[in-house]
Amino acid sequence: MVRAISACGRFRAVAAVTTGVVEALRRRHNSTPVATAALGRAMTGAFLLGSELKGGQRLMIQILGSGPLRELFVEATPDGEGRGYVRHPQVDLPVEGGKIQVGKAVGGNGSLTVLKDLGLKEPYRGVVPITSGEIGKDLAYYLTVSEQVPSAVALGVYVEPDLSVGAAGGYLVQTLPGATEEEIGMVEANIRTMPLPTELIRMGREAREILLLALQGYELRFLGEQALRFRCRCSRHRLTSVLIALGAGEIEGMMLERGGIDVTCEFCRRTYHFSREALQAILRKASGRGA
Ligand code: ZN
């Protein structure tokens, strides 16, 4: 991922090649092409929007749609760590006109919520209705309307015939105060005539080259590069806290299961086993807290 600002200070842009991260998500969730494409677009969007945050902060996007995928949830840090899940990774829709039907799978109705954990007591939260379900356009709408920064977002995922991710990535261009109609028109024309992000990535273009195309005609100042990777923050300790939060009644119910229970992390599908003895210890801790 690379960030840049035009030397005139009127345009800001960030581009990301996320092929490896999206392929890691696909493997973990064993998702169909349309679920992979939706999850990959959302993941790429979270990296792009999260690029402005500081170390230790996190950006999350939740999309609740009327389509069969139901929910997408992705999380990214400015240090380049991302994770996410789709509620129904097995949903499959036929390709129409050579295009994966992300808009249909997400659905045209619903909400898109951006959460920013800035280390304050409450996270920042912005919600907009879904406009197309294509995710890129929805994020552009969110940035333009909710954050009031006119923005263009292009996101794409190319799925190979063997279902693996051949290319994934995208870019975000934002207009800053002071840009004239003519300057904005020039950038819009650049974006309109550019190949799709997946086409560029399949041609071997890197994030920096994508930015040079999007802001062609402007001198750019590059603000830094960030390697991206899939990483889940789950741990046995975190899941123990989740169990404690469920309450003594729930934990007692689980103890009735022979041999304990398995808890699977939604983000990475890793399974943690809690034996009866482990649950008993958690119950003691939970009741100790309640007393
Ligand atoms: Zn996990």
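This is a predicted model: local features need pLDDT of at least 70, side-chain atom pairs count only at pLDDT 80 or more; totals for chains, interfaces and linings use all residues.
1. **Largest pocket: size and centre.** Start with the largest pocket. About 1000 Å³ of space lies inside this pocket. Its lining is made up of 36 residues. Closest to the centre are Arg41, Lys99, Leu155, Gly156 and Leu196.

2. **Largest pocket: who builds the lining.** Four elements each supply at least two lining residues: helix H2 (33–50), helix H4 (136–146), strand S8 (151–159) and helix H6 (197–202). Strand S8 gives the most to the lining of the largest pocket, with nine residues. By type, the lining holds 22 nonpolar, six polar and eight charged residues.

3. **Second largest pocket.** The volume of the second largest pocket is about 230 Å³. Its lining consists of Arg83, Arg233, Cys234, Arg238, Leu239, Val242, Cys265, Glu266 and Phe267. Helix H8 (residues 236–246) provides the largest share, three residues. The lining of this second pocket has five nonpolar and four charged residues, and no polar ones.

4. **The cavity.** How many cavities of 30 Å³ or more does a search of the whole structure find? The search finds one. Around it sit Glu75, Ala76, Thr77, Glu81, Gly82, Arg83, Arg231 and Arg233. Strand S4 (71–76) and strand S5 (81–86) are the elements that give two or more residues to this lining. S5 gives the most, with three residues. The cavity lining divides into one nonpolar, two polar and five charged residues. Look at Arg83 and Arg233 in particular. Both line the cavity, and both also line the second largest pocket.

5. **The main core.** The largest nonpolar core has 71 residues. Ile61, Val106, Ile135 and Phe274 have the most contacts inside it. Helix H2 gives the most to this core, with eleven residues.

6. **Phe274 up close.** Phe274 is one of the core residues with the most contacts. Set aside its neighbours within four places in sequence. Phe274 is then in contact with Arg236, Leu239, Thr240, Leu243, Gly259, Gly260, Ile261, Val263, Leu279 and Ile282. Leu239 from this list is also part of the lining of the second largest pocket.

7. **A second core.** There is also a separate core of 21 residues. Phe11, Met194, Ala214 and Leu220 are among its members.

8. **Helix H1 and Asn30.** Helix H1 covers residues 19–29. Its buried residues are Thr19, Val21, Val22, Glu23, Leu25, Arg26 and His29. Just after H1 comes Asn30, with a positive phi of about 50°. Asn30 has this value although it is not a glycine. Its place is in the loop between H1 and H2. Is Asn30 buried or exposed? The relative accessible area of Asn30 is 54%, so the residue counts as exposed; the cut-off for exposed is over 50%.

9. **Arg70.** Arg70 also takes a positive phi, about 65°, and is not a glycine. This residue is found in the loop between strand S3 (58–65) and S4. With a relative accessibility of 43%, Arg70 counts as partly exposed.

Note on methods: Residues are numbered from 1 along each chain as its sequence is written. Side-chain values use heavy atoms; hydrogens and water are left out. On a 1 Å grid over the protein atoms alone, a cavity is a set of points where a 1.4 Å probe fits but cannot get out, and a pocket is an open set with protein on both sides within 12 Å along at least five of seven lines; lining residues have an atom within 4 Å of a point. Grid points are joined across faces, edges and corners, and a volume is the space filled by probe spheres set on the points. Ala, Val, Leu, Ile, Met, Phe, Trp, Tyr, Cys and Pro count as nonpolar, Asp, Glu, Lys and Arg as charged, and the others, Gly among them, as polar. A nonpolar core is a set of buried Ala, Val, Leu, Ile, Met, Phe, Trp, Tyr and Cys residues joined through side-chain atoms within 4.5 Å. Buried means under 20% relative accessible area, exposed over 50%, partly exposed in between (1.4 Å probe, protein chains only). Contact means heavy atoms within 4.5 Å.
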